[in-house]
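Hello,

I am passing a structure on to you, and I hope you enjoy looking through it. Please open it first, and then read my notes on its salt bridges below.

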Amino acid sequence: MRHARIEDADEIARVRAESWRAAYRGIVPDDYLDAIDVSEWAQRQRRNIESQSAGIVSLVADDGDLIVGWVALGPNWMTDLPYAGELCAIYLRPSHWRRGIGKHLMTAAAQSLIERGVNSMILRVLTENRPARRYCESLGDSLVSEHTYTIGGVSLPEIAYGWPDLPDLTARAGVSE
Ligand SMILES: CC(C)(COP(=O)(O)OP(=O)(O)OC[C@H]1O[C@@H](n2cnc3c(N)ncnc32)[C@H](O)[C@@H]1OP(=O)(O)O)[C@@H](O)C(=O)NCCC(=O)NCCS
């Protein structure tokens, strides 16, 4: 687990696109998934890593030279929810799902927020993304609100899960960065 570097941007964009196409097929419109422009995502990623825009920090999990997972964390902008931080994104290569890497990445993200003085966070998940919801629930959060999120012109129901006590999450996960 380490901080993302600018030269990771292409690989992170590929991991994210692979993960979207595998996890969101049947949830997000096929046209949108098939049209994902990985190089455009990589450019955006490069800008974000460079500027840490909006206080967002990226961490990656690697397996030798291969990046296998990416997580982004930052402030929570949903001001109606009393949680200071947000796990903005967490995406793993489908070939590396269900090996404990997601749990490890979430714990590293929580640790990174704690180091910034942020002790609570939310994670927004599409309601139909049932494996990701089970993942959140396994890490001891609770559902805090429901919204919609528009992707590819379609409004999709979304759930925000919340962890009010990140030191407790890291202690229970028993993993540190
Ligand atoms: C969701 C995701 C980040 C989870 O990471 P992961 O490395 O696969 O999950 P872990 O191996 O750390 O799993 C931890 C626990 O979560 C639960 N879990 C994870 N995936 C699950 C699944 N597909 N079905 C049921 N439970 C699951 C289990 O309780 C698991 O513990 P166990 O394996 O000891 O039973 C990863 O699968 C992924 O990238 N999915 C696609 C993208 C996505 O949906 N991102 C979240 C949207 S914001």
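**Salt bridges in the model**

The side chains of Arg 14 and Glu 11 form a salt bridge, with N and O 2.7 Å apart. Please keep in mind that this is a predicted model. Both residues sit in helix α1 (residues 9-23), and because they are 3 residues apart there, about one helical turn separates them. Arg 14 is partly exposed, at 42% relative accessibility.

Another pair to look at is Arg 124 with Glu 86, a salt bridge whose closest N and O atoms are 3.0 Å apart. Arg 124 belongs to strand β5 (residues 121-126) and Glu 86 to strand β4 (residues 85-92), so this pair ties together parts that are 38 residues apart in sequence. Arg 124 is partly exposed at 32% relative accessibility, while Glu 86 is buried at 6%.

Asp 62 has a relative accessible area of 33% and is partly exposed; Arg 2, at 19%, is buried, because the cut-off for buried is under 20%.

How many salt bridges does a search of the whole structure find? The total is 14.

Best wishes

Terms used: Residues numbered from 1 in each chain as written. Predicted model: local features only at pLDDT ≥ 70, side-chain atom pairs only at ≥ 80, totals over all residues. Heavy atoms only, no water. Salt bridge = Lys/Arg side-chain N within 4 Å of Asp/Glu carboxyl O. Buried < 20%, exposed > 50% of the residue type's maximum accessible area, 1.4 Å probe, protein only. Helix = DSSP H or I, 4+ residues; strand = E, 2+ residues; numbered from the N terminus.
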